[in-house]
Amino acid sequence: METTMQFSQSVGKRSSAEMHLLLLICVPLVLGEVLPLEPDLENIQLTIRRSANRGDKLQVFQSIWGAIRSDFATDTDKVKGLYSHLGTFIRDEMQCTSGASGRSACELQQEVRRHLRTLMSQRLANLLNAEESIQTYGMYIAASVEPAMVRDVLVNAIEDVYFYRPSDKLVQQLEQLFADRDEVSFRMMIEAQLTLFWRYQAMQDSSESFLFNMAHMVSKIRTHHMYASVDAGLQKRVEALGKSLPPVLGLLFNPQGFCLLSRSDREYIYTTITDEWNYGLNGRQVFAWHEQNYTDSAGLIRAFVQEQHSTPIFTLRSELFKWYFFVDPTEGNRLGALRSGSPSSSSSFWSIAYVEDALIFRQRDLTLCAAEKHDNDRRLVKMLPGQMHTPPSEACQWLPIDCASPK
Ligand SMILES: *[C@@H]1O[C@H](CO)[C@@H](O)[C@H](O)[C@H]1NC(C)=O
C-alpha cells in the first residue's frame with residue numbers, strides 16, 4: 001500500500017487517478033493474495049486502457065468499487081484511495097448536477113464515503129472500547145480525509161460507544177487525540193469533545209463526574225496556547241459549550257481564580273497578610289471576614305487538578321502568596337495556608353462536589369465549613385464531621401464568585 005501512496009503523490013493530477021486505479025487492484029495480485037479476482041481485474045485494466053471519456057471512467061470506478069466491496073471490504077486504505085480519486089474526478093470532470101451520470105457518480109461517491117466512514121468510526125470505537133490509545137489512529141484519520149468527514153467519523157464513533165462507555169471516562173480518552181504540538185490533532189480533539197458534550201446534552205443525561213471532567217477539559221482547551229490560532233467558528237462552538245456547563249464549574253476551573261463566600265454568612269475566605277501561624281514563617285492563618293459580600297486579592301484562590309480519577313482530586317492555592325491550603329489536625333482541623341514545595345495528599349488534597357451554585361470541599365469524611373467566630377471581625381474555617389449529606393448545611397456550602405479587582 002505504501003507504494004501506492006508514494007506513487008499517487010509523485011505523479012501529475014490527470015493520469016494519477018487512472019494509474020492509481022491499476023495499482024489499487026494490482027498490488028494484491030503481485031503479492032498473489034487474491035487469485036479468484038484475476039479475470040475481473042484484467043477486464044478492468046483493458047477498460048482503462050481504452051477509456052477515453054468520463055462515462056467510461058465512471059464505469060471503471062464502479063467496477064473497482066465492486067471489486068473492493070467483494071474482496072477488500074475492510075481495507076480502509078483501498079476504500080480511502082477510491083474515495084479520494086472519486087472526489088477529484090467529480091470535482092474536475094463530472095459534477096453531481098451534470099445529468100444522469102453525474103448523479104450516479106455522486107451516488108457512488110456517497111456510497112464509498114458511507115463505507116469509509118463506517119470503517120474508520122468502527123475502528124475508533126473498538127479502540128475506545130478496548131481502552132487502547134487512539135492517538136495514532138486519530139492522526140491517520142485526520143491525515144486521510146477532509147475535516148467534514150473527520151467530524152462525521154467522530155460523530156459516528158462517539159454515538160457508537162456512548163451507551164457502552166462511561167461518559168466521564170470518554171472525556172479523558174478523547175483527549176488522547178491531541179498529540180503534543182500538533183494543531184490538526186488539537187482541533188480534532190476539540191471536535192471530539194464538542195461531539196461528546198452535545199450527545200450528552202441531547203440524551204438529557206445527568207452525571208456530575210462527566211460535567212467536572214468536561215469543565216476541566218474546556219478550561220484546558222481555552223488556556224492552551226494553540227487555542228488562539230483555532231478558527232473562529234470552532235472557538236465559538238467551544239464558548240457555547242462553556243456557557244452550557246454549570247457556571248459553578250466554570251468558576252472552579254477559571255484560570256484567573258475565584259473567591260469563596262459561605263452561603264450561610266456570605267463571608268469570604270482570605271489568607272492573612274501578617275498573621276503567622278505555629279509554623280513560623282511557613283504558615284499563615286486563614287479566616288472568613290465579617291463584611292458580607294466583600295472580596296479582594298487576599299481571597300483569590302485557584303483550584304488545580306492533582307489527580308485524575310473518575311472525578312478529579314484538587315489542590316487549592318491561595319494566590320496572594322501562592323501557598324496551598326491545608327488542614328491542621330493539631331488545631332481542630334482548621335484551614336491554613338502553608339508554604340510548601342509539594343502539598344501533602346493527606347491534608348491538602350480535596351474532593352469537590354457542587355450543589356446549584358455552591359461548591360463543597362471534602363477530605364475523607366470531613367467537610368470544609370464556616371465555623372465559630374475567632375474575634376469580632378474574623379471567623380474560623382474548619383473541617384467538620386457529620387456533613388456528608390447532600391447538600392450539607394449552608395455553612396459548608398461555598399459560592400465561587402469573581403474577586404473584586406485591586407483598587
Ligand atoms: C450580599 O449579596 C446578596 C446577593 O446579591 C444580597 O442579597 C445581600 O443583601 C448582600 N449583602 C450586603 C450586606 O450587601
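Reader: Leaving aside neighbours within four places in sequence, what is Trp 65 in contact with?

Author: Trp 65 is in contact with Leu 82, Leu 108 and Val 112. Two residues are in contact if their C-beta atoms, placed from the backbone, lie within 7 Å. This is a predicted model, where local features need pLDDT of at least 70, side-chain atom pairs count only at pLDDT 80 or more, and totals for chains, interfaces and linings use all residues. Residues are numbered from 1 along each chain as its sequence is written.

Reader: Which helix holds Trp 65?

Author: Trp 65 is found in helix α4, residues 54-71. Helices (H or I, at least four residues) and strands (E, at least two) are DSSP runs, numbered from the N terminus.

Reader: Trp 65, buried or exposed or partly exposed?

Author: Trp 65 counts as partly exposed because it has 19 C-beta neighbours inside 10 Å. A residue is buried if 20 or more other C-beta atoms lie within 10 Å of its own, exposed if 12 or fewer, and partly exposed in between, with C-beta atoms placed from the backbone.

Reader: And Leu 196, buried or exposed?

Author: Leu 196 has 25 C-beta neighbours inside 10 Å, so it counts as buried. Leu 196 sits in helix α10, residues 183-202. Outside four places in sequence, its contacts are Ile 158, Leu 170, Val 171 and Leu 174. From Leu 196 to Ser 167 the C-alpha distance is 8.1 Å, at 29 residues apart in sequence.

Reader: Ser 167 is in α9. At what angle do α9 and α11 pack?

Author: Helix α9 (residues 167-175) and helix α11 (residues 208-223) pack at about 25°, with axes 7 Å apart. Axes are lines fitted to C-alpha atoms, for helices over the stretch in contact, and angles run from 0 to 180 degrees between N-to-C directions. The angle makes α9 roughly parallel to α11. Angles under 35 degrees count as roughly parallel, over 145 as roughly antiparallel, 65 to 115 as roughly perpendicular and the rest as oblique.

Reader: Which residues make that contact?

Author: From α9 they are Ser 167, Asp 168, Val 171, Gln 172 and Glu 175, and from α11 Ser 209, Phe 210, Asn 213, Met 214 and Met 217.

Reader: Switching to strands. How many bridges join β8 to β9?

Author: 5 bridges join β8 (residues 350-355) to β9 (residues 358-363), and the two run antiparallel. Two strands pair if DSSP finds at least two bridges between them. Ser 351 has Arg 362 of β9 as its bridge partner. The β8 and β9 hairpin has 2 residues between the strands, and Glu 356 in the turn has a positive phi of about 50°.

Reader: What joins β9 to β10?

Author: 2 bridges join β9 to β10 (residues 366-373), again antiparallel. Arg 364, in the turn of that hairpin, has a positive phi of about 50°.

Reader: Which element has the lowest mean pLDDT?

Author: Helix α1 (residues 2-10) has the lowest, 33, and strand β1 (residues 259-262) the highest, 98. pLDDT is the predictor's confidence in each residue, from 0 to 100. Over residues 26-51 the pLDDT is below 50. Where pLDDT is low, the predicted coordinates should not be read in detail.
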